[in-house]
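Subject: Structure for your review

Dear colleague,

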Amino acid sequence: MKDTIGFNDYFIILKKRKKLIVSIILLFIIVSAIINYKVIKPKYESNTTLIVNGINTGKGNDMTLDDMGVTRDLAVVYSEIIKSRTILEEVINDLKLNISYEEIKDMVEVETINDTQIINIVVQNSNPVVAKNIANRIPRAFASEANRIFNINSVEVIDKAIKPELPIKPNKMINMAIATILSVFVGIFTSFLLEYMDTKIIDPEEVELILDIPILGVLPDEKI
């Protein structure tokens, strides 16, 4: 290969190595498709939102601003209680799930909404029905436990979890697009690397450049 190449030489190299580039692109696409459609298990997400109506102070059901402030502060505590072993093992037993506490804990995410009394429970599972059932069963277990610990008024479900129709993971189209783009860069890089490692003298001009002697003649290509 020449020590230096011009702008047009880049296109010549890519054209010469086009079969290699196409092969790399196809290989990446096939491997990505196998991983996305056969290897990675889809994850479905279902969520439910609930509201904690506050601690029972013995003043009736009317909540003061102070009561609402305390409830918002306790929302973080409630989130930890929801993911406690007591709550989640009750859910496992009620739904007769063949999973451990650590496994179900990894499926559940709990977050408070904008420092309010509202709590959002998100469940991810490879089975959409199981994800929905867990999300709907957690509030019932939490209501009983929260009333026992804090003597709260009630826990009301705002939105029940529904069966998700489409998985949230993996995003097959995005993964395939990333694999395709990556394969193009790998193909181009490999082409230039092979060209750089190719030490064969191809052009008559390279003979003069490397050996510093004039060319007396050039043998014609037999194929031509």
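Helices (H or I, at least four residues) and strands (E, at least two) are taken here as DSSP runs and numbered from the N terminus. On that basis, the elements of the chain follow the order α-α-β-α-α-α-β-β-α-β-α-α from the N terminus on, and they come to eight helices and four strands.

This is a predicted model, in which local features need pLDDT of at least 70 and side-chain atom pairs count only at pLDDT 80 or more, while totals for chains, interfaces and linings use all residues. Residues are numbered from 1 along each chain as its sequence is written, and side-chain values use heavy atoms, with hydrogens and water left out.

Overall figures

The chain has 224 residues, of which 30% count as buried; buried means under 20% relative accessible area, exposed over 50%, and partly exposed in between (1.4 Å probe, protein chains only). Its accessible surface is about 15100 Å², and carbon and sulfur atoms contribute 59% of that; the areas come from the Shrake-Rupley method with a 1.4 Å probe, and for residues only the protein chains shown count as cover. Among contacts with a separation of 6 or more, 75% are between residues 24 or more positions apart, where contact means heavy atoms within 4.5 Å.

Helix α2 with helix α7

Helix α2 (residues 18-39) packs against helix α7 (residues 172-197) at an angle of about 150 degrees, and their axes lie 8 Å apart. Axes are lines fitted to C-alpha atoms, for helices over the stretch in contact, and angles run from 0 to 180 degrees between N-to-C directions. The two helices are therefore roughly antiparallel, given that angles under 35 degrees count as roughly parallel, over 145 as roughly antiparallel, 65 to 115 as roughly perpendicular and the rest as oblique. The residues of this contact between α2 and α7 comprise 15 nonpolar, eight polar and one charged. For this division, Ala, Val, Leu, Ile, Met, Phe, Trp, Tyr, Cys and Pro count as nonpolar, Asp, Glu, Lys and Arg as charged, and the others, Gly among them, as polar.

Serine 32 belongs to helix α2 and counts as buried, because its relative accessibility is 9%. Beyond its neighbours within four places in sequence, serine 32 contacts Asn175, Met176 and Ala179.

Helix α4 with helix α6

Helix α4 (residues 85-95) and helix α6 (residues 128-150) pack at about 125 degrees, with their axes 9 Å apart. This makes α4 oblique to α6. On the α4 side the contact includes Ile87, Leu88 and Val91, and on the α6 side Ile134, Ile138 and Phe142 are among the residues involved. The residues of the contact of α4 with α6 divide into eight nonpolar, two polar and four charged.

Loop residues

Lysine 96 lies in the loop between α4 and α5 (101-107). Although lysine 96 is not a glycine, it has a positive phi of about 55 degrees. With 73% relative accessibility, lysine 96 counts as exposed.

Lysine 43 is placed in the loop between α2 and β1 (44-52) and, at 33% relative accessibility, counts as partly exposed. Not counting residues up to four places away in sequence, lysine 43 touches Asn125, Ser126, Pro167, Ile168 and Lys169. Its C-alpha atom is separated by 10.0 Å from that of proline 164, 121 residues apart along the chain.

Finally, lysine 169 and proline 170 are joined by a cis peptide bond, with omega about -10 degrees. Proline 170 is in the loop between β4 (155-159) and α7.

Yours sincerely
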